Amino acid sequence: MIELEQVAMSYGGGELLGDISLTLSPGSFHFLTGPSGSGKTTFLKLCYGALLPTAGHIRLFDTDLRAMSRDDVALTRRRIGVVHQDVKFLDHLPVADNVALPLIVAGRDRTEEAQNLTELLSWVGLSNRADALPAELSGGERQRAALARAVIMSPEVILADEPTGNIDWEMSQRLLQLLVELNRMGKTIMIATHDMNLIRAAKTKVQARVLRISQRRLQTAGADL
Amino acid sequence: MTLFFSRITAFVVGDVQADRMVPPTGFTARLTVFAAGTMAFLAVFALALSLATGRLADRWSDELARASTLRISAPMDQRAAQTAAALRVLETTPGVASARPLDEAEQRALLEPWFGPDLPVETLPIPQLIEVIEDAEGYDAEGLRLRLSAEVPGAVLDDHTRWRRPLVTAADRLRLLGWLSIGLIGATMAAMITLAAQAALAANAQVIAVLRLVGARDAYIARAFVRRFTLRALTGAAIGTVAGMVAVLLLPSAQVEAGFLTGLGFQGWHWIWPLAIPPLGALVGFAATRQAAHRTLRELS
C-alpha cells in the first residue's frame with residue numbers, strides 16, 4: 001500500500017531521516033515512536049504525499065510519488081485517512097459537516113451517505129454534538145471528530161500523528177479502541193506516539209509492530225516494550 | 001456553444017456545498033464590489049470620451065475636408081473679372097464638384113458678428129469669397145494654387161487643411177487616450193481584485209489546508225474562491241455601469257453655438273457599448289482570482 005525505498009529527507013542541509021525502507025502491508029498495525037523532533041511527523045507526511053523525499057522512492061498504492069500530479073495526490077488522500085494532534089477543522093461549519101467534508105469535496109451525494117454519517121458519529125460518540133461548532137468541542141471530542149472525518153471515505157490506510165497527545169488517559173483508551181476496531185475491519189493503521197503506555201495497552205488487543213526513529217534511522221523496536 | 005453556456009450557468013448557480021466551504025467575509029466582499037463599481041463607473045466615462053472624440057474626429061475630417069474657400073483680394077474694378085477667371089479655372093479643375101461665389105447677403109452674415117448688422121459691405125474693399133466643394137476624389141491643392149497664381153493673381157486658396165489637420169490629430173489622440181484609460185482601468189481592477197483575492201486566500205489558509213488534507217483537488221478549492229470574486233466583480237461593475245450611464249444621460253446636451261464640438265455622451269446604438277463593461281469586469285475578476293488561487297495553491301503541499 002505504502003512503500004518506502006531508501007528514503008532520505010533533508011531540511012536546509014541537515015539530514016532528518018535517512019536510508020528508510022518500509023512496506024506497510026494491508027491490515028497491519030504499526031506504532032511509530034521516537035523522541036520529539038526525531039522526524040515522526042515528517043515520516044507521516046512522506047507517507048501521505050505532503051512532502052517529497054530528497055532521496056529514494058515512495059510508492060503510494062503502487063504509484064511513484066514523484067510521478068504523481070497534484071490531482072493524483074489529492075485523489076490518493078481519499079484513500080488515506082489522516083489524524084493530526086492539532087487537528088484542523090473548518091471552524092464555521094458544524095461537526096457533522098466537518099466529518100462529511102471528504103465526501104463533499106469528492107462530489108459524493110451527502111443524502112445517500114446520511115445513514116453512514118449518523119452511524120459514524122454514534123460510533124465515535126458524537127451523535128449529540130453533530131450540530132456543535134468545532135470550537136465548542138473538548139480535546140477528546142476533537143480527536144474523535146478527526147478520526148470520524150479520516151475514516152468516512154472508508155480509506156485503506158489510517159495515519160495518526162500523536163492522536164492522544166492532548167487528551168486524558170481514559171479518552172486515549174477510547175480512541176485506541178476505535179483504531180483497533182478499524183484494524184479488525186482490515187484497515188492498515190500507523191500511529192505516531194511517544195506514549196509508551198498507549199503502546200502497551202494496544203499490545204494486549206492487537207498484534208502491533210513498533211518502529212522507532214533513532215539517529216535518523218528507522219529501527220524495529222524489540223520485544224522489550 | 002450550448003456546452004459553454006451551460007457551464008457558465010452552472011458556474012453562476014454554483015455548488016451550494018462547495019460554496020459553504022469558504023467562510024463568508026463581509027468586509028473584503030464589500031471592498032471588491034466597491035472597487036469594481038468605481039472602475040466600471042470610470043470606464044463608462046472613458047468610453048463616452050473615446051466615442052465622442054471619435055465622432056468629433058470623423059466629423060472634422062469629413063465636413064472640413066470637402067469644403068474650401070478661395071479669396072479674391074483685388075482692387076474693386078478688377079474684382080468681378082478676377083472672380084470670373086477664378087471660376088473658370090475652378091470649373092476645369094478635376095476634383096472640384098462645384099464652385100460658387102458668395103453673394104453680398106452671405107458675406108454680410110459672415111462679417112456680422114464682428115462689425116454689426118448695418119455694415120455697408122458693398123462700399124468696403126473686402127475680398128470676394130468663393131466656396132469650393134470637392135467631389136469624393138478631392139483636388140490637388142498645390143496644382144490649383146500654381147494655376148491660380150498664374151491666371152488670377154489676387155486669389156488665395158484656403159483649403160483648411162492647415163488648421164484642420166492638428167485638430168483632427170488632437171481628436172484622434174484624445175480617442176486613443178480614452179481607449180488607453182479603459183485599458184488602465186481594466187488593469188487596475190484586475191490588480192485590486194487580485195489583492196482582495198490574495199487577502200481572502202491568506203485569511204483562509206487553514207480552510208485550504210484542511211480541504212487539501214481531505215483530498216480536495218486544486219480546481220475544487222480554487223472554484224469556491226473564483227466564483228465568489230467573479231460574482232462580486234460582476235455585481236460591482238453592473239452597479240457602476242448603470243450609475244455611469246445615468247450620469248452620462250444627465251449631462252447637459254451640447255448647445256447649438258458649440259455645434260462644432262460634440263456632446264460627451266453616447267449616440268444611438270453606441271448606448272450598447274457600456275453594457276459590455278459588466279461582463280468584461282466579471283471576466284477580469286475571474287481571470288485575476290483564478291490566477292491568484294492557483295498560485296497560492298501551488299505553494300501548498
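**Entry 1. B:Ala57**

I looked up B:Ala57 and found that it counts as buried, because it has 20 C-beta neighbours inside 10 Å. I used these classes: a residue is buried if 20 or more other C-beta atoms lie within 10 Å of its own, exposed if 12 or fewer, and partly exposed in between, with C-beta atoms placed from the backbone. The model is predicted, and I note that local features need pLDDT of at least 70, that side-chain atom pairs count only at pLDDT 80 or more, and that totals for chains, interfaces and linings use all residues. Residues are numbered from 1 along each chain as its sequence is written, while chains are lettered from A and ligands numbered from 1 in the order in which they are written.

B:Ala57 sits in helix α3 of chain B. Helices (H or I, at least four residues) and strands (E, at least two) are DSSP runs, numbered from the N terminus. Leaving out residues up to four places away in sequence, I find that B:Ala57 touches B:Val168, B:Ala171, B:Asp172 and B:Arg175. A contact here requires C-beta atoms, placed from the backbone, within 7 Å. I also checked B:Ala191: it lies 134 residues from B:Ala57 in sequence and 33 Å from it in space, C-alpha to C-alpha.

**Entry 2. Domains of chain B**

The domain assignment of chain B gives domain 1 (2-61 + 168-298) and domain 2 (74-153). The bounds come from an automatic or database domain assignment. I read 56 Å between the C-alpha centres of domain 1 and domain 2 of chain B.

**Entry 3. The sheet of chain B**

I traced an open, antiparallel sheet of four strands in chain B, in the order β2-β3-β1-β4. Two strands pair if DSSP finds at least two bridges between them. β2 (96-101) and β4 (155-158) of chain B stand at the edges with a single partner strand each, so one side of each lacks a neighbour in the sheet. On average, neighbouring strands of this sheet are turned by 20° against each other, direction ignored.

β1 (67-72) and β3 (128-134) of chain B pair in the antiparallel sense over six bridges. In β3(B), B:Leu129 is the bridge partner of B:Arg71, and B:Val132 is that of B:Ser68. Four bridges join β1(B) to β4(B), again in the antiparallel sense, and B:Ile72 stands opposite B:Ala155 in β4(B).

I then sorted the faces of β1(B): B:Ser68, B:Leu70 and B:Ile72 form the covered face, and B:Ala67, B:Thr69 and B:Arg71 the uncovered one. In a regular strand the side chains alternate between the two faces of the sheet.

**Entry 4. Nonpolar cores**

I define a nonpolar core as a set of buried Ala, Val, Leu, Ile, Met, Phe, Trp, Tyr and Cys residues joined through C-beta atoms within 7 Å. The largest has 118 residues, and A:Val99, A:Ala148, A:Leu159, B:Ile193, B:Ala197 and B:Phe225 have the most contacts inside it. Helix α3 (26-66) of chain B gives the largest share of this core, 15 residues. Residues up to four places away in sequence aside, A:Ala148 touches A:Val99, A:Leu120, A:Leu121, A:Val124 and A:Leu126. A second, separate core of 11 residues includes B:Leu70, B:Ile72, B:Val152 and B:Ala155.

**Entry 5. The side of chain A that touches chain B**

I find 20 residues of chain A in contact with 17 residues of chain B. α2 (70-77) and α4 (101-105) of chain A each supply at least two residues of the chain A side. α2(A) gives the most to that side, with five residues. By class, the chain A side has 13 nonpolar, one polar and six charged residues. Ala, Val, Leu, Ile, Met, Phe, Trp, Tyr, Cys and Pro count as nonpolar, Asp, Glu, Lys and Arg as charged, and the others, Gly among them, as polar.

In chain A I traced an open, antiparallel sheet of four strands in the order β2-β1-β4-β5. β2 (14-24) and β5 of chain A stand at the edges with a single partner strand each, so one side of each has no neighbour in the sheet. Two bridges join β4(A) to β5(A) in the antiparallel sense, and A:Leu60 stands opposite A:Thr63 in β5(A).

A:Phe61 lies in the loop between β4 (55-60) and β5 (63-64) of chain A. Its phi is positive, about 50°, although A:Phe61 is not a glycine. A:Phe61 is partly exposed, with 13 other C-beta atoms within 10 Å. A:Glu162, also not a glycine, has a positive phi of about 45°. A:Glu162 lies in the loop between β7 (157-161) and α7 (169-184) of chain A, and it is buried, with 20 other C-beta atoms within 10 Å.

Terms used
Two residues are in contact if their C-beta atoms, placed from the backbone, lie within 7 Å. Axes are lines fitted to C-alpha atoms, for helices over the stretch in contact, and angles run from 0 to 180 degrees between N-to-C directions.
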